[in-house]
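Have the sequence and the coordinates open while you read.

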Amino acid sequence: METHDLEAIGDAELVEELSLLTTQTARMRSRMVDIISELDRRRSLATSSHPGNSW
C-alpha cells in the first residue's frame with residue numbers, strides 16, 4: 001500500500017490496520033524467540049553429547 005492509498009482510508013480503518021499489524025509483529029517476535037530458543041537447546045544438546053561437534 002502506498003502513501004496516497006492511505007489518504008483514502010478513514011481514521012478508524014487506519015487505527016484498526018495498525019492494531020492488526022502490531023499484533024502480528026508481536027506474534028512474529030514471539031515465534032522468533034521460540035525458534036531461537038529451540039535452536040539453542042538443540043545446539044546445546046548436540047555439543048554436550050558430541051564434545052567435538054560444533055556448529
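Glutamate 16 sits in helix H2, which covers residues 11-49. Helices here are DSSP runs of H or I with at least four residues, strands are runs of E with at least two, and both are numbered from the N terminus. The model is a predicted one: local features need pLDDT of at least 70, side-chain atom pairs count only at pLDDT 80 or more, and totals for chains, interfaces and linings use all residues. Residues are numbered from 1 along each chain as its sequence is written, and side-chain values use heavy atoms, with hydrogens and water left out.

Is glutamate 16 buried or exposed? With a relative accessible area of 58%, glutamate 16 is exposed. The classes are buried for under 20% relative accessible area, exposed for over 50%, and partly exposed in between, using a 1.4 Å probe and protein chains only. On the surface, Glu16 gathers with Asp11, Glu13 and Glu17 in a patch of negative charge. Patch residues have over 30% relative accessible area and no salt bridge; like charges are joined within 9 Å, and nonpolar side chains (Val, Leu, Ile, Met, Phe, Trp, Tyr) within 5 Å.

## The chain as a whole

The protein chain has two helices and zero strands. Of its 55 residues, 2% are buried. Its accessible surface comes to about 5,100 Å², and carbon and sulfur atoms own 57% of that. These areas come from the Shrake-Rupley method with a 1.4 Å probe, and for residues only the protein chains shown count as cover.

How many salt bridges does the structure hold? There are three, each being a side-chain nitrogen of Lys or Arg within 4 Å of a carboxyl oxygen of Asp or Glu. Glutamate 38 pairs with arginine 41 in one of them, and their closest N and O atoms are 2.7 Å apart. Both residues belong to helix H2, three residues apart, or about one turn of the helix. Glutamate 38 is partly exposed at a relative accessible area of 27%, and arginine 41 is partly exposed at 43%.

Arginine 42 also meets glutamate 38 in a salt bridge, at 2.7 Å from N to O. These two lie in helix H2 as well, four residues apart, about one turn of the helix. Arginine 42 counts as partly exposed at 48% relative accessibility.

Aspartate 40 lies in helix H2 and forms a salt bridge with arginine 43, with the closest N and O atoms 3.1 Å apart. The side chains of aspartate 40 and arginine 43 also make a polar contact at 3.1 Å. Arginine 43 is partly exposed at 37% relative accessibility, and aspartate 40 is partly exposed with a relative accessible area of 39%. Which residues do salt bridges with shared partners join into one network? They are Glu38, Arg41 and Arg42.

How values were computed: Lys, Arg positive; Asp, Glu negative; His and termini not counted. Charge placed at Lys NZ, Arg CZ, Asp CG, Glu CD. Polar contact = N/O pair within 3.5 Å; in protein donor to acceptor, adjacent residues only side chain to side chain.
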